[in-house]
Amino acid sequence: MKVSVDAGSCHGHQMCAIAAPEIFGSDELGNAVVLITGDIPTELEAKARRAEGNCPERAIIVNE
Ligand code: SF4
């Protein structure tokens, strides 16, 4: 699994960083950045999906 954020859609709510702080952080503007550039560890996949589902802007892209 890989995760990315559509920067054009992200509004910086940081709900993703709350749901999965191991995967998401924020840049200087408060928009989300993905901290794990390679494959998401198996034990964090459920958190990644939760963050995807909770993002109000549908800005998180999960590729299985
Ligand atoms: S929850 Fe979605 S819109 Fe909000 S910071 Fe995270 S990726 Fe961006």
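## Cys16 and its contacts

Cys16 touches Phe24, Ala32, Ala51, Cys55 and Ile60, leaving aside residues up to four places away in sequence. Two residues are in contact if their C-beta atoms, placed from the backbone, lie within 7 Å. Cys16 sits in helix α1. Helices (H or I, at least four residues) and strands (E, at least two) are DSSP runs, numbered from the N terminus. Cys16 counts as buried because it has 28 C-beta neighbours inside 10 Å. A residue is buried if 20 or more other C-beta atoms lie within 10 Å of its own, exposed if 12 or fewer, and partly exposed in between; these C-beta atoms, too, are placed from the backbone. Cys16 and Asn31 are 15 residues apart in sequence, and their C-alpha atoms are 10 Å apart in space.

## Basis of the model

This is a predicted model: local features need pLDDT of at least 70, side-chain atom pairs count only at pLDDT 80 or more, and totals for chains, interfaces and linings use all residues. Residues are numbered from 1 along each chain as its sequence is written.

## Overall fold

The protein has two helices and four strands. Along the sequence they follow the pattern β-α-β-β-α-β. Of the contacts in the protein with a separation of 6 or more, 60% join residues 24 or more positions apart.

The C-alpha trace spans about 30 × 20 × 20 Å along its principal axes. Of the 64 residues, 20% count as buried.

## Nonpolar core

The largest nonpolar core has 13 residues. Such a core is a set of buried Ala, Val, Leu, Ile, Met, Phe, Trp, Tyr and Cys residues joined through C-beta atoms within 7 Å. Cys16, Ala20, Ile23, Phe24, Ala48, Ala51 and Ile60 have the most contacts inside it.

Phe24 touches Cys16, Ala17, Ala32, Val34, Leu35 and Ala51, with residues up to four places away in sequence not counted. Ala51 lies in helix α2. Ala51 is buried, because 24 other C-beta atoms lie within 10 Å. Ala51 and Ile61 are 10 residues apart in sequence and 9.9 Å apart in space, C-alpha to C-alpha.

## Ligand shell

There are 13 residues around the ligand. Cys10, His13, Cys16, Ala32 and Cys55 come nearest. A residue is near a molecule or strand if its C-beta atom, placed from the backbone, lies within 6 Å of it.

The shell divides into eight nonpolar residues, four polar and one charged. Ala, Val, Leu, Ile, Met, Phe, Trp, Tyr, Cys and Pro count as nonpolar, Asp, Glu, Lys and Arg as charged, and the others, Gly among them, as polar.

Ile18 lies in helix α1. Ile18 counts as exposed, because it has 11 C-beta neighbours inside 10 Å. Ile18 and Ala51 are 33 residues apart in sequence and 8.5 Å apart in space, C-alpha to C-alpha.

Glu52 is in helix α2. Glu52 is partly exposed, with 17 other C-beta atoms within 10 Å. Beyond residues up to four places away in sequence, Glu52 touches Ile60 and Val62. Glu52 and Asn63 are 11 residues apart in sequence, with their C-alpha atoms 11 Å apart in space.

## Positive phi in two loops

Most residues other than glycine have a negative phi. Gln14 has a positive phi, near 70°. Gln14 is placed in the loop between β1 (2-5) and α1 (15-19). Gln14 is partly exposed, because 16 other C-beta atoms lie within 10 Å.

Arg58 also has a positive phi, near 55°. Arg58 is placed in the loop between α2 (45-54) and β4 (60-63). Arg58 is exposed, with 10 other C-beta atoms within 10 Å.
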